[in-house]
Amino acid sequence: MAAAMASLKSSLLLPSPLSDFSGAAVSISAQNRRKSWQPRGARMQVAAAADSKNILVMGGTRFIGLFLSRQLIKEGHQVTLFTRGKAPITKQLPGESDAEYAEFSSKVLHLKGDRQDFDFVKTNLSAKGFDVVYDINGREATEVAPILDALPNLEQFIYCSSAGVYLKSDLLPHFETDAVDPKSRHKGKLETESLLETSGVNWTSIRPVYIYGPLNYNPVEEWFFHRLKAGRPIPIPGAGNQITQLGHVKDLAEAFIKVLGNPKASKQVYNISGAKYVTFDGLARACAKAGGFPEPEIVHYNPKDFDFGKKKAFPFRDQHFFASVEKASKDLGITPAFDLVEGLTDSYNLDFGQGTFRKEADFTTDDMILGKKLVSV
């Protein structure tokens, strides 16, 4: 593995413009929400003992891993979460029953440590002899090499990469074979994928686009919900017709389950996101409909007219950015359980609508934009 690391270092589809988003509330029945909460567990019997795997999840207490670890346990696997122990290992999720939470809490295991302590990683993982590793929070190849060294008999390494690795292009959507950007802020994930390719391990890499859903720590839908709740205009850069793509966290967790032990997923990369694309303006209207808010007032602005300093005025790349999920659909049979409005409604009802969010509202940049607009008028 050290040799591999040394080598590594050297080396428009808009079927619904969302124009009908009048702000009428959308409700998803408790039955439908429950179905989406346990998409495989409700459809399949728990895996037989012979199929049960000893699985390590690197991370697992923040967002994606919360939903993934529960599905793995429902599938009958033994699941250990590797974390620094700074956050509670278990907490009841929005929409999760007391019985479901109690069952999960009684079965999930914990290995406390720092993945940057490579000697600790090698010693402890070697002793546990895990069959499968899900690496949800890995950012650098140097963090992955010790895991592979510790588990020479590993059956599969499943990695959470990012669609942010693709080189910006005029030709969209991005396919898994498209050129990547070695200078992107996700270059560590690219280097990890290169390491996996040369390591000889059976691996699968998942490249999500924008992820949303309950407990999202990135201000994706939350950014819009804050402004809608406050009754404020929504500032959107440019003409608002930039096309992007979002995928629900529960659908992403299902994709991670689908690649487990799947021969078709061996040494493959998959884009994972929603089936449809959406414009920035359309996303604002979708969020309004999901939360039962009136049609939003949208204000367009030119980002070049402002100096926002280190503050981020909008939570998305100011460009077209979306990826094809055709390969995942064909190979893995993946069909997202949520369309955009349903998914945003699920997120709103189970999180922001309950008064919970990750970041306080900050309208500083909004006020700069709106102030300039008023003056120009």
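## Helix α6, tucked inside

In this predicted model, helix α6 covers residues 141-150, and eight of its 10 residues are buried, so the helix is largely enclosed by the rest of the structure. If you want to pick them out on screen, the buried ones are Ala 141, Glu 143, Val 144, Ala 145, Pro 146, Ile 147, Leu 148 and Ala 150. Glu 143 is on that list, along with Pro 146.

What does Asp 351 touch, leaving aside residues up to four places away in sequence? Its contacts are Pro 214, Leu 215 and Asn 216, plus Thr 356, Phe 357 and Arg 358. With Arg 358 there's also a polar contact, side chain to side chain, at 2.8 Å. Leu 93 is worth a look too: 258 residues separate it from Asp 351 along the chain, yet their C-alpha atoms are 9.6 Å apart.

Arg 207 belongs to strand β6, which runs over residues 203-208. Buried or exposed? Arg 207 has a relative accessibility of 4%, so it counts as buried.

Which side chain does the Arg 207 side chain pair with in a polar contact? That partner is Glu 193, with the two side chains meeting at 2.6 Å.

Methods
Residues numbered from 1 in each chain as written. Predicted model: local features only at pLDDT ≥ 70, side-chain atom pairs only at ≥ 80, totals over all residues. Heavy atoms only, no water. Contact = heavy atoms within 4.5 Å. Polar contact = N/O pair within 3.5 Å; in protein donor to acceptor, adjacent residues only side chain to side chain. Buried < 20%, exposed > 50% of the residue type's maximum accessible area, 1.4 Å probe, protein only. Helix = DSSP H or I, 4+ residues; strand = E, 2+ residues; numbered from the N terminus.
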